[in-house]
Amino acid sequence: MSQDSIITEEMKSQVGVESEPTIYEIEKEPIRRWAEAIGDPNPLYHDEEYAKQQGYRSLVAPPGFIAQYAFPVKVGGPSPRIQSPFTRNLNGGNDYEFFKPIQAGDTISVTGKLVDLRERAGRMGAMLIQVVEMTYKNQDGEVAVKARFTGISY
Amino acid sequence: MSEQVFWEDVEVGMEIPALVKKPTSQQLVRWAGASGDFYQIHYDKDFALGNNLPGIIVHGALKSAWLGQLVGDWVGLKGRVKSFGCSYRGMDVPGDTLTLKGTVTGKRAEGGDHLVDLDIWMENGKGDKTTPGQAVVVLPSRG
């Protein structure tokens with residue numbers, strides 16, 4: 001390990017530490033607003049009667065909705081991301097796995113952990129790469145979604 | 001929504017219907033409001049330039065949401081998106097014409113599900129794949 005590594009022992013100790021759950025209440029209006037913002041007219045996201053005719057309880061959240069929705073009713077604790085020595089951030093990518101549909105009326109509990117921490121020399125200098133894994137459970141305790149986010153700071 | 005696609009109708013190599021987006025700075029602001037991502041590189045040009053960016057850039061998560069729309073539209077009401085993901089390899093700017101595309105790379109039956117594997121991506125007006133990814137979907141079977 002090079003002496004000028006930006007990854008400290010303290011940062012490494014954060015890998016694998018599960019965060020306290022953050023709670024989201026899934027409501028109809030944010031689903032409509034989200035679908036409207038991306039320009040997705042799918043009636044499952046806009047028309048509750050239509051969604052019910054398809055066997056859902058209410059409006060369905062589009063794929064990825066919960067992973068990008070930043071308005072919790074209760075924040076469980078600090079983000080599993082570590083404080084980077086760099087101030088500029090880029091989104092490296094994300095992967096979602098879907099197990100159960102998320103619908104309006106659901107209460108979703110989210111925990112996360114840092115699963116990977118790397119440094120790399122990029123074209124804009126040294127970069128810190130963090131991969132965080134989040135698990136989204138519904139009110140019945142079922143895993144609805146798992147997501148992995150790659151964040152780059154430089 | 002388009003007609004329901006069935007697993008038997010799908011062949012490796014086939015393209016799925018593309019989705020075209022022409023984002024404006026206003027759409028990025030709407031997305032910021034809907035998602036809660038208020039990082040200034042997506043709406044404040046001076047801030048973006050100060051971060052060595054070419055100007056304001058499209059949110060990665062918005063591109064990902066469009067990929068979700070692409071595959072969600074294709075699988076239809078009887079299909080299901082099992083997983084998808086993407087990497088952000090290049091920056092995209094409002095004003096460009098961005099096209100979401102996908103091709104079938106495999107099909108298999110697994111645990112009673114009829115699965116299709118896809119390469120999915122977004123390309124900019126020059127045809128550069130700025131946002132490559134993959135998806136796995138479940139389609140209904142006629143069988």
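I count two residues as in contact if their C-beta atoms, placed from the backbone, lie within 7 Å. The model is a predicted one.

**Entry: confidence**

I noted the scores before anything else. The ipTM is 0.93 and the pTM is 0.92. For chain B the average pLDDT is 96, and 99% of the residues score at least 70.

**Entry: chain B as a whole**

I went through the elements of chain B. I found 3 helices and 5 strands. Read from the N terminus, their order is β-α-α-α-β-β-β-β. The C-alpha trace of chain B spans about 60 × 30 × 25 Å along its principal axes. Chain B has 143 residues, and 39% of them count as buried. I also checked the sequence separation of the contacts in chain B. Taking those with a separation of 6 or more, 66% join residues 24 or more positions apart.

I followed strand 2 of chain A, residues 89–98. It is joined to strand 2 of chain B by 5 bridges, and the two strands run antiparallel. One residue I looked up here is Asn94(A), whose bridge partner in strand 2 of chain B is Cys86(B).

Strand 2 of chain A also pairs within its own chain. There, 9 bridges join it to strand 5 of chain A (residues 143–153), again in antiparallel fashion. In that pairing Glu97(A) stands opposite Lys146(A) of strand 5.

**Entry: helix 1 of chain B**

Which residues of helix 1 of chain B are buried? They are Leu28(B), Trp31(B), Ala34(B) and Ser35(B). Viewed down the helix axis, these buried residues fall within an arc of 125°, so they line one face of helix 1 of chain B. Among what covers them I find helix 2 (28–38) of chain A and helix 3 of chain B. After helix 1 of chain B comes Gly36(B), with a positive phi near 90°.

**Entry: helix 2 of chain A**

I then turned to the helix on the other side. In helix 2 of chain A, the buried residues are Pro30(A), Ile31(A), Trp34(A), Ala35(A) and Ile38(A). Their arc around the axis is only 135°, so they sit on the same side of helix 2 of chain A. They pack against helix 1 and helix 3 of chain B.

**Entry: the nonpolar core**

I listed the largest nonpolar core and counted 66 residues in it. Which members touch the most others? They are Ile66(A), Val145(A), Trp66(B), Leu67(B), Val71(B) and Val137(B). Helix 3 of chain B provides the largest share of this core, 9 residues.

I took Leu67(B) for a closer look. Leaving out residues up to four places away in sequence, Leu67(B) touches Phe84(B), Cys86(B), Leu100(B), Ile120(B), Met122(B) and Gly133(B). Cys86(B) had come up already, as the bridge partner of Asn94(A).

**Entry: Tyr154(A)**

My last stop was Tyr154(A), in the segment after strand 5 of chain A. Is this residue buried, exposed or partly exposed? Tyr154(A) has 19 other C-beta atoms within 10 Å. A buried residue needs 20 or more, so Tyr154(A) is partly exposed. Not counting residues up to four places away in sequence, Tyr154(A) touches Phe86(A), Arg88(A), Gly122(A), Met124(A), Gly125(A), Ala126(A) and Met127(A). I also took one distance. From Tyr154(A) to Pro80(A) is 18 Å, C-alpha to C-alpha, with the two 74 residues apart in sequence.

Note on methods: Residues numbered from 1 in each chain as written. Chains lettered and ligands numbered in written order. Predicted model: local features only at pLDDT ≥ 70, side-chain atom pairs only at ≥ 80, totals over all residues. Pairing = 2+ DSSP bridges. Helix = DSSP H or I, 4+ residues; strand = E, 2+ residues; numbered from the N terminus. Buried ≥ 20, exposed ≤ 12 C-beta atoms within 10 Å, placed from the backbone. Arc of directions from axis to C-beta. pLDDT = per-residue confidence, 0-100. Core = buried A, V, L, I, M, F, W, Y, C linked by C-beta atoms within 7 Å.
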